[in-house]
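Welcome, and take a moment to look around.

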Amino acid sequence: MKPPTAQAARTAFRRRYGASPLHLLLVLASFALACYAGVRLLKGDALGVAVWFVGAALLHDLVLLPLYAVTDLAVQRVLGHRSGEGEGEVKVKGKVGPRAAVNHVRVPAFVSGVLLLVYWPLVLRQVGHYTVTTGLPADVFPGRWLLITACLFAASATVLAVRLWNGGREARRARARARRAGK
Amino acid sequence: MWATGPQRGPTHPEFWRSPLRGPWLTAVFGVVLLIGVTVLFVTGLLSYAAYDPDLAAVNDQTPDKARLGFYLFPWPTSPYWLYRVTQGLHVTLGVVLVPVLLAKLWSVIPKLFAWPPVRSAAQAAERLSLLLLVGGAGFEFVTGILNVQLHYVFPGSFYTLHFYGAWVFIGAFVVHVSFRLKRAVRALRAGPRQPPPDSEEAAGLVSPRPAEPTITRRGALGMVGLGSLALLVVTAGQSVDGWLRRTALLAPHGQDPGSGPNGFQINKTAASVGIRATDIGPAWRLTVRGAGRRIDLTYARLLDMPQSQARLPIACVEGWSTSDQQWSGVRLTELAALVGLGAEHAPEVLVESVQRGGPFSSVVLSTGQLRDERSLLAVRVNGAVLSRDHGYPARVIVPGAPGVHNTKWVTRLTFREPS
């Protein structure tokens, strides 16, 4: 019987493990480093740290994503999309369909949302010692966030209004052209 | 049943209907994060080095680090704005990358529920590695963002969590990049056109039953970019002075702390660390020790010593900084000379504050920091006596050092040989 060639051994390894030996070595090296740092990370409140670490992994995928995905679908439904079929393209020149309209809510809501997601401790007044520590007033943040949010929606509304007005003008012109052609 | 998975729900590929998800979009977010996270990691390591943790126990917030401190080097005093730049970049970039991180996670969500959950040993190992990657990223962003807002709700010392968390994360990050970079480059080369859902290039990201698009792929990228831009605008201003600071509308240090010579940002007020009037009143003395000698100076005697000037900023680990302030006081080398240590013999110095306890009530400054002629025990700033909140009667100011090493309310200097 012939000894197995290097090629055959690699194929056998791949069949059993599911990837190349290099894959295994890299993963093992990273796990070893994670353990080396991890025992130091877990020293002290091990359970608390583990909960925070795993919680951080799941926060977006199992909490934030379902929340914003469902909200987004609800807004689309309110604005009349996803009820009928074939309601036009994403952006028809001169026409604002429900597709484009949803983005006028989506974009300012997203920007306002990420600002709150990052700065919620200050915006929601969660940091009791902020003023005594920094010497700065803490009551400005909720108002600022609300005003920024108001500006974002107002700017979006302005863009939408301009688009609607332009669209209406285009449509009137098209109708006028059609009447002239019909004479 | 096991092989095909449930016919409904997120494990079914048709559950995910966004027409945007695909290798190109994921690759764009991935490459941005590859560059961004690399900068975050390097500036983070630099920030730890800036504390000169190997110099003394009081400088080291993570004394168990062992080999994880292999790269440490004496933190330089030139350029004097070094920490201001590296730490401002670290914090501002971290905040700005939040929407990109969310978008990246959104773009690969079908993979989390891919069925069957484990196909091979290799895939099981990779999924475990992904837990470290995503958990580590979330952990680092969350602890960092909470810490800069002084919201200390995390389970332990920020320094321990953020430093060791970074090392747990970075291994998984390197693994992920080496497994995926080739695919990402290929996807970017191929462009935004969607490959067939079951093709290899699709990598399980393309929906087999896409809904009607409500936004273009370019529009989605623009929206994420706008989120990052908004965060940049409300944050970056806290690293500069003047009217630009006021643009940092939501950042913790975006407000003006008052006018006048002492009207610049305060990390911790005298009240917040329990400084009493008697601690810094007429009974205050500066004790200088070294070479077996000890001298007690009154405030008046300190003022009688030769005064030097230095224009230096305050740069905090929380990412904010001030512009250069005009400090005036006694050179640290002059104080070393009081106990008979000449400039060329001046070793290290242990600086102690009248603060009672607390992690940064004392610090050891390196020989290099001590001998820099801009390193002062300052008594005046911008032409006025130091305010209580800026460290009256005397504070240390060292070029390039993190803010907490510029100890306030100093009462004792111990010059000593490097240990």
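## A walk through the helices

Helix 1 (residues 23-50) of chain B has 28 residues, which at 1.5 Å a residue should span 40 Å, and this agrees with its end C-alpha atoms being 40 Å apart. The expected span is 1.5 Å times one less than the number of residues. Helices here are DSSP runs (H or I, at least four residues), numbered from the N terminus. Just after helix 1 of chain B, B:D52 takes a positive phi of about 45°.

This is a predicted model, in which local features need pLDDT of at least 70 and side-chain atom pairs count only at pLDDT 80 or more, while totals for chains, interfaces and linings use all residues. Residues are numbered from 1 along each chain as its sequence is written, and chains are lettered from A in the order in which they are written.

Now to helix 3 (residues 98-107) of chain B: 10 of its 10 residues are buried (under 20% relative accessible area, 1.4 Å probe, protein chains only). Among them are B:L101, B:K104 and B:W106.

| Item | Value |
|---|---|
| Angle, helix 3 and helix 7 of chain B | about 155° |
| Axes, helix 3 and helix 7 of chain B | 8 Å apart |

That makes the two helices, helix 3 and helix 7 of chain B, roughly antiparallel (over 145 degrees).

Definitions and conventions: Side-chain values use heavy atoms; hydrogens and water are left out. Buried means under 20% relative accessible area, exposed over 50%, partly exposed in between (1.4 Å probe, protein chains only). Axes are lines fitted to C-alpha atoms, for helices over the stretch in contact, and angles run from 0 to 180 degrees between N-to-C directions. Angles under 35 degrees count as roughly parallel, over 145 as roughly antiparallel, 65 to 115 as roughly perpendicular and the rest as oblique.
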